[in-house]
Amino acid sequence: MRLMASGGEVSCSPEHLDVPRSTLSNHWRILREAGLTLTRSEGKARYMTLRREELEARFPGVLTAILASASDQASASRTSR
């Protein structure tokens, strides 16, 4: 998510996730249909980009708050281990 949030592009089939492809496909479809991401095809591969500017224009500050909360939760999780 951080890569997408910073304007980066991510593969729809990331190697580091141990999730069934059908589950990923469903999640990516929901994000795309909700207007949160753009998807482009390159051969058989698909890549997603977060529509950050559009989200910020429609819901100012929400994405920043979500990312800050996720970062705080990740930090708390690492310290509790």
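Which residues make up the largest nonpolar core of the protein? In this predicted model, the core consists of 9 residues, namely M4, V10, C12, L24, W28, M48, L50, L55 and L63. A nonpolar core is here a set of buried Ala, Val, Leu, Ile, Met, Phe, Trp, Tyr and Cys residues joined through side-chain atoms within 4.5 Å. Buried denotes a relative accessible area under 20%, exposed one over 50%, and partly exposed the range in between (1.4 Å probe, protein chains only). Two or more residues of this core come from each of the elements α2 (21-33) and β3 (45-50).

Residues are numbered from 1 along each chain as its sequence is written, and side-chain values use heavy atoms, with hydrogens and water left out. As the model is predicted, local features need pLDDT of at least 70 and side-chain atom pairs count only at pLDDT 80 or more, whereas totals for chains, interfaces and linings use all residues. The pLDDT is the predictor's confidence in each residue, from 0 to 100. Its mean over the protein is 83, with 86% of the residues at 70 or more.

The protein contains 4 helices and 3 strands, in the order α-β-α-β-β-α-α from the N terminus on. Helices (H or I, at least four residues) and strands (E, at least two) are DSSP runs, numbered from the N terminus. Strands are taken as paired if DSSP finds at least two bridges between them. Strand β3 pairs with β1 (residues 9-11) in the antiparallel sense over 3 bridges, and 6 bridges join β3 to β2, also antiparallel. T49 in β3 is the bridge partner of E9 and stands opposite L38. The hairpin of β2 and β3 has 2 residues between the strands, and G43 in the turn has a positive phi of about 65°.

Of the contacts with a separation of 6 or more, 41% are between residues 24 or more positions apart. Of the 81 residues, 16% count as buried. The accessible surface, calculated by the Shrake-Rupley method with a 1.4 Å probe and, for residues, with only the protein chains shown as cover, comes to about 6,200 Å², of which 55% belongs to carbon and sulfur atoms.

With a salt bridge defined as a side-chain nitrogen of Lys or Arg within 4 Å of a carboxyl oxygen of Asp or Glu, the count comes to 4. One of them joins the side chains of E9 and R40 (2.7 Å, N to O). E9 lies in strand β1 and R40 in strand β2, so this pair ties together parts that are 31 residues apart in sequence. E9 is partly exposed, at 34% relative accessible area, and R40 is partly exposed at 34%. A second salt bridge links R29 to E33, with the closest N and O atoms 3.1 Å apart. Both residues lie in helix α2, 4 residues apart, about one turn of the helix. R29 is partly exposed at 33%, whereas E33 is exposed at 57%. E54 and R51 also meet in a salt bridge (3.7 Å, N to O). Salt bridges with shared partners join E9, R40 and E42 into one network.

Terms used: Contact means heavy atoms within 4.5 Å.
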